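The points are grouped by topic.

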Amino acid sequence: VFQEHFASAFLACPRLDDVRELVGVARSETLAVLDGNVMVKGMPQSATTYREYVQILVAQIAPAIEAAAHVVVVFDEPRAMTRAKLDEQRRRDAKSQAQTPVCSEELVACIKTDEFTEEMLRAEGCNVRLLMDHRAARPRFYDALCAAILAHFVENTSGDAAWSLTFDGIDPRGFAREFNAPREPGILSSDDEFWRGLLYRQTPIGEGDLKLSDVAQRVHDAAKYPSTPVHGVVLNLLVTIDTDSLVIELLKQQARLARTDESDRNELSIVCLKEPARKRKGDDFVTPARFLCCNAARFHASVADYLAPARSQDRDAAVALLVAACACCGCDFLEVKGARADLMLPVVKDVVRRHPEVLRDMARVFAEEQATVREAKPAIDTVLKAYAEDISTKPRMKRSHASASNYCDAQVLRALWTVSYWYGREFLDCADWGFASESVA
């Protein structure tokens, strides 16, 4: 839908190196931030052993190191994960654990807990794909995996060109961590001295989605100083498959545009959505693997032009309203049944132009105080009511209209919470924002 409406912001490229060359910057001026959870969970079905996982991830990270002098692979931090995502995690866990074979007590189908050694992981018959279905076993596996990958690059990468590889959200102790010792996610890097300090967070970030932008921001701030290894970095390649990153970058771009010093706006972020090779049904034509790239600056400008609020100062509120409407169409935190992005976009545009007063309400979503953010509710209500009215006259939309018309106050609150969260402000009392009460346990 975004490609259809904002085509000038998108371009497909076969390699990350091609993206950088099209922008016209040097490798030394480029940072690549990769979503590690996406990479590990997106392994081919044929990969089942620890060795295969290491080899495949090395092959995926190597092109990033060729394209960018600095590569950071980010991972979720389960203990810091927002409580609002508990419902979604429970649903995913129930679905994934069903794949583990059921067997008698004296047999173990796969590793399910944190208590395993390197020997157990490398043992013949150990299926790490099944291990990945168990949230308790996953963190130690990630730690071991990243340590092995970093060791490979340190051993095999020549010193002719500057480079760094960093893992964010990994316990650097790996297998050395005792079974009963709490896991302490941190930084594992080829340049520990620099990156450990740069990526230290007083308040941890639980989701890798948000870390993509956070790492880019921290590197941008450090790049101003000639004494740092990242001096001069101006291009961020954010590699993921999660389309949430598109709307997150819309909000982040607003923050970049708000920088007071014009010389501080020399930063470009490109969301690189990895697309696998595809074969058309019925013939031998194969579309090779590629990256669908979204230029965040051009995307934001196109969205703002599309919405075209009457007052230029309402631009940020209009974009935030569109982000909230997209969240209502389905994300990790909410879904209004019957809401579709292709039909929602023109509705938001119409609301922005015909009811500009809602943007005064929506602007409150950027406030720090929860009570003020709640005052943005009428803006979401207006859009959802307008959407339900719009589809009521469309053919074959009777069921969708009934569902969309039946949205509730909790969904409106969730939409506001989600925009604030993606903007970088998390409200911890999730039960007050329409989430299940157990989400605050």
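**Nonpolar cores**

Phenylalanine 299 touches Phe2, Phe6, Ala9, Phe10, Leu246, Leu250 and Cys294, with residues up to four places away in sequence left out of the count. The model discussed here is predicted.

- The largest nonpolar core holds 74 residues, and Phe299, Leu321, Met362 and Trp422 are the members that touch the most others within that core.
- Helix α13, residues 315-328, supplies the largest share of this core, namely 12 residues.

- Strand β6 spans residues 235-240; six of its six residues are buried, so the strand is largely enclosed by the rest of the structure.
- In a regular strand, side chains alternate between the two faces of the sheet.
- In β6, Leu235, Leu237 and Val239 point one way, while Asn236, Leu238 and Thr240 point the other way, and all of these residues are buried.
- Strand β2, residues 30-35, pairs with β6 in the parallel sense over five bridges; in this pairing, valine 239 of β6 has leucine 34 opposite.
- Strand β7, residues 268-275, also pairs with β6 in the parallel sense, over six bridges; here isoleucine 270 of β7 stands opposite leucine 237.
- Together with helix α11, residues 244-257, strands β6 and β7 form a right-handed β-α-β unit.

**Arginine 259, between α11 and β7**

- The loop between α11 and β7 contains arginine 259.
- Is arginine 259 buried or exposed? Its relative accessibility is 10%, and arginine 259 therefore counts as buried, the cut-off for buried being under 20%.
- The side chain of arginine 259 makes a polar contact of 3.2 Å with the side chain of glutamine 217.
- A polar atom of the arginine 259 side chain also lies 3.0 Å from the backbone oxygen of aspartate 264.
- With neighbours within four places in sequence set aside, the residues in contact with arginine 259 are Gln217, His220, Asp264, Arg265 and Glu267.

- Most residues other than glycine have a negative phi.
- Alanine 308, although not a glycine, has a positive phi of about 45°.
- Alanine 308 is placed in the loop between α12 (296-307) and α13; with a relative accessible area of 33%, alanine 308 is partly exposed.
- Arginine 396, likewise not a glycine, has a positive phi of about 60°.
- The loop between α17 (377-391) and α18 (398-405) holds arginine 396. Arginine 396 has a relative accessible area of 80% and is therefore exposed, since the cut-off for exposed is over 50%.

**Lysine 85, between β3 and α5**

- Where does lysine 85 have its place? Lysine 85 is found in the loop between β3 (70-74) and α5 (86-97).
- The relative accessible area of lysine 85 is 6%, so lysine 85 is buried.
- Lysine 85 and leucine 334 are 249 residues apart along the chain, and their C-alpha atoms are separated by 9.8 Å.

Definitions and conventions:
Residues are numbered from 1 along each chain as its sequence is written. This is a predicted model: local features need pLDDT of at least 70, side-chain atom pairs count only at pLDDT 80 or more; totals for chains, interfaces and linings use all residues. Side-chain values use heavy atoms; hydrogens and water are left out. Buried means under 20% relative accessible area, exposed over 50%, partly exposed in between (1.4 Å probe, protein chains only). Helices (H or I, at least four residues) and strands (E, at least two) are DSSP runs, numbered from the N terminus. Two strands pair if DSSP finds at least two bridges between them. A crossover is right-handed if, with the strands pointing away from the viewer, the path from the first strand over the helix to the second runs clockwise. A nonpolar core is a set of buried Ala, Val, Leu, Ile, Met, Phe, Trp, Tyr and Cys residues joined through side-chain atoms within 4.5 Å. Contact means heavy atoms within 4.5 Å. A polar contact is a pair of N or O atoms within 3.5 Å; within protein, one must be able to donate a hydrogen and the other to accept it, and residues adjacent in sequence count only if both atoms are side-chain atoms.
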